[in-house]
Amino acid sequence: MGRGEVDSSTRSGSVRPWAFRWGAMGLAASLIGVQSLGASSAIGGQVLMLLPADGQVASVGDGLRRGYGLAMAEARACGVIPPSLELGWLPTGEDPRPFLLGRTIPRLLIAPPAVSLLPYGLLAQQQNISVLFPLQRGSSLQRLPSQAGADRLWPVLPARSQEADRLARALVDQARGKAMVIHDGNVELAALAGRFAETLSGAGGWVVGPTNGPIAVSKPSEAAIEQLLDDISWYQPEALMVMTSPDSPLAKAVARAALPGSLTLVWPFPVKRSLRNPQLGVEPLTRGPGWSRFEQAFQRSHGFNPGLVEAAGYDTGQLTVLASRGAASKDLWQLDWLDPKAKPLDLCAALQARSQGSGLAIKGAASRLDLSAANPPTGELQLTPVQPLPLTPAP
């Protein structure tokens with residue numbers, strides 16, 4: 001069923017092409033049915049999960065629901081009836097307020113990935129609801145504390161800026177803190193390059209180059225790469241931070257360039273193959289103290305290894321079921337009981353503590369879940385160092 005289409009079995013009257021498509025979801029995270037609600041319809045579930053309507057990112061919704069469903073199954077094993085869930089599909093980038101204002105909506109909303117935070121902050125403020133962001137990781141999180149409704153907005157995953165921090169500190173630890181920084185002009189990656197430079201300087205390293213800061217190489221032409229090589233020869237960096245995506249034109253151009261053999265190439269993604277230079281990358285899959293238990297349970301349930309999306313769905317589910325519990329009704333659907341300094345608990349123990357109204361921390365799979373309102377959690381990030389190809393002896 002394409003964007004804006006309505007399932008023929010539930011079609012009734014006139015439905016606007018942008019209307020939400022809804023589905024009921026069982027607690028085992030399986031999609032049971034799809035229907036379209038009229039503009040004045042109430043939302044029946046205790047929790048509303050919004051998913052991207054675009055077909056090319058459908059797998060994101062599948063992964064989130066698998067992880068979320070596993071958390072609900074564990075809650076049932078703890079003797080707790082999980083909250084009911086309703087699904088909605090929203091085209092990527094759409095403001096949710098035109099679709100939700102005027103409805104009776106749940107007190108907890110799970111937002112789609114990579115959204116503009118302002119509409120959700122205004123919605124949280126106007127409707128007195130909490131909003132979880134399972135897959136929000138970009139530079140927008142840096143502006144979150146000053147956002148309208150910030151005290152009701154809860155990122156679930158560590159920000160990507162932590163990847164830049166991890167790489168910068170690793171270079172200083174390896175005594176290679178003199179670095180040149182380039183990026184491909186992408187707004188998010190330019191922001192990450194700036195974060196890397198800031199963290200490097202704060203950790204005892206420094207950025208060198210024509211501007212003593214990150215340099216944009218948006219078109220890696222032969223002339224641009226020649227200029228880069230001249231700058232490297234002049235400034236003698238120990239490392240080159242290349243903020244770009246895997247297999248981008250810039251990544252390919254740098255990989256082909258005749259760089260000094262002692263220069264370490266640093267990438268904001270895992271390194272998969274050897275080059276003539278030593279390399280350092282980082283795994284995007286962050287982990288928390290609950291990862292091993294989650295991974296084993298997910299493998300038993302689904303028969304394959306989970307990834308970042310599934311882990312984010314699981315942690316979102318843990319937070320959701322805990323938010324549905326409290327010592328009094330006034331405590332329900334709030335998340336201000338989270339205590340990032342507390343010893344993290346398994347889900348059953350956390351549910352017991354919530355029934356007594358206690359503040360607590362929960363063991364996260366994708367992060368430490370040491371979050372507070374408007375502040376993302378931290379996670380364990382694994383580096384991927386790769387040694388250079390062996391030198392070929394001259395004939």
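This is a predicted model: local features need pLDDT of at least 70, side-chain atom pairs count only at pLDDT 80 or more; totals for chains, interfaces and linings use all residues.
Just after helix α3, Asn128 takes a positive phi of about 60 degrees. The protein chain has ten helices and 16 strands, and buried residues make up 52% of its 395 residues.

- Helix α3 covers residues 117-127, and its buried members are Leu117, Pro119, Tyr120, Gly121, Leu123 and Ala124.
- An α-helix has 3.6 residues a turn, so residues three or four places apart point the same way.
- The buried residues of α3 pack against the strands β3, β4, β5, β6 and β7, and also against helix α2 (97-100).

**Strand β4, wrapped up inside**

- Is β4 enclosed or open to the outside? Six of its six residues are buried, so β4 is largely enclosed by the rest of the structure.
- In a regular strand the side chains alternate between the two faces of the sheet.
- You can follow this in β4: Leu85, Leu87 and Trp89 point one way, while Glu86, Gly88 and Leu90 point the other way, and all are buried.
- Strand β4 pairs with β3 in the parallel sense, over six bridges.
- To find one of these links in the model, look for Pro52, whose bridge partner in β4 is Leu90.

**The nonpolar cores**

- The largest nonpolar core has 49 residues, and Leu132, Phe294 and Leu322 have the most contacts inside it.
- Several elements each supply at least two residues of this core: β3 (47-52), α1, β4, β5 (108-110), α8, α9 (308-323) and α10.
- Which helix gives the largest share of this core? It is α9, with eight residues.
- A second, separate core has 24 residues, among them Ile182, Leu228, Val242 and Leu275.

**Salt bridges**

- Side chains of opposite charge can pair when their charged atoms come close.
- How many salt bridges does the structure hold? There are seven.
- One of them joins the side chains of Glu74 and Arg293, at 3.2 Å from N to O.
- Glu74 lies in helix α1 (residues 58-77) and Arg293 in helix α8 (residues 291-302), so this pair ties together parts that are 219 residues apart in sequence.
- Glu74 is buried, with a relative accessible area of 10%, whereas Arg293 is partly exposed at 44%.
- Glu163 and Arg137 also meet through their side chains in a salt bridge, again with 3.2 Å from N to O.
- Glu163 belongs to helix α4 (residues 161-173) and Arg137 to the loop between β6 (130-133) and β7 (153-155), so the pair ties together parts 26 residues apart in sequence.
- Both Glu163 and Arg137 are buried.
- Another salt bridge links Asp346 with Lys363, where the closest N and O atoms are 3.6 Å apart.
- Asp346 sits in the loop between β14 (344-345) and α10 (347-355), and Lys363 in the loop between β15 (361-362) and β16 (383-386), 17 residues apart.
- Asp346 is partly exposed, with a relative accessible area of 36%, and Lys363 is partly exposed too, at 28%.
- Salt bridges that share partners join Arg137, Arg160 and Glu163 into one network.

**The disulfide**

- A disulfide is a covalent bond between the sulfur atoms of two cysteines.
- The count here comes to one disulfide, formed by Cys78 and Cys348, with their sulfur atoms 1.9 Å apart.
- Why is this disulfide called left-handed? The torsion about the S-S bond of Cys78 and Cys348 is about -85 degrees, so the disulfide is left-handed.
- The pair links distant parts of the chain: Cys78 is in the loop between α1 and β4 (85-90), and Cys348 is in helix α10, 270 residues away.
- Cys78 is partly exposed, with a relative accessible area of 25%, and Cys348 counts as partly exposed at 41%.

**The whole chain**

- Among contacts between residues at least 6 apart in sequence, 68% join residues at least 24 apart.
- The protein chain exposes about 17600 Å², and carbon and sulfur atoms supply 50% of that area.

Terms used
Residues are numbered from 1 along each chain as its sequence is written. Side-chain values use heavy atoms; hydrogens and water are left out. A salt bridge is a side-chain nitrogen of Lys or Arg within 4 Å of a carboxyl oxygen of Asp or Glu. Helices (H or I, at least four residues) and strands (E, at least two) are DSSP runs, numbered from the N terminus. Buried means under 20% relative accessible area, exposed over 50%, partly exposed in between (1.4 Å probe, protein chains only). A disulfide is a pair of cysteine sulfur atoms within 2.5 Å. Contact means heavy atoms within 4.5 Å. Accessible areas come from the Shrake-Rupley method with a 1.4 Å probe; for residues, only the protein chains shown count as cover. A nonpolar core is a set of buried Ala, Val, Leu, Ile, Met, Phe, Trp, Tyr and Cys residues joined through side-chain atoms within 4.5 Å. Two strands pair if DSSP finds at least two bridges between them.
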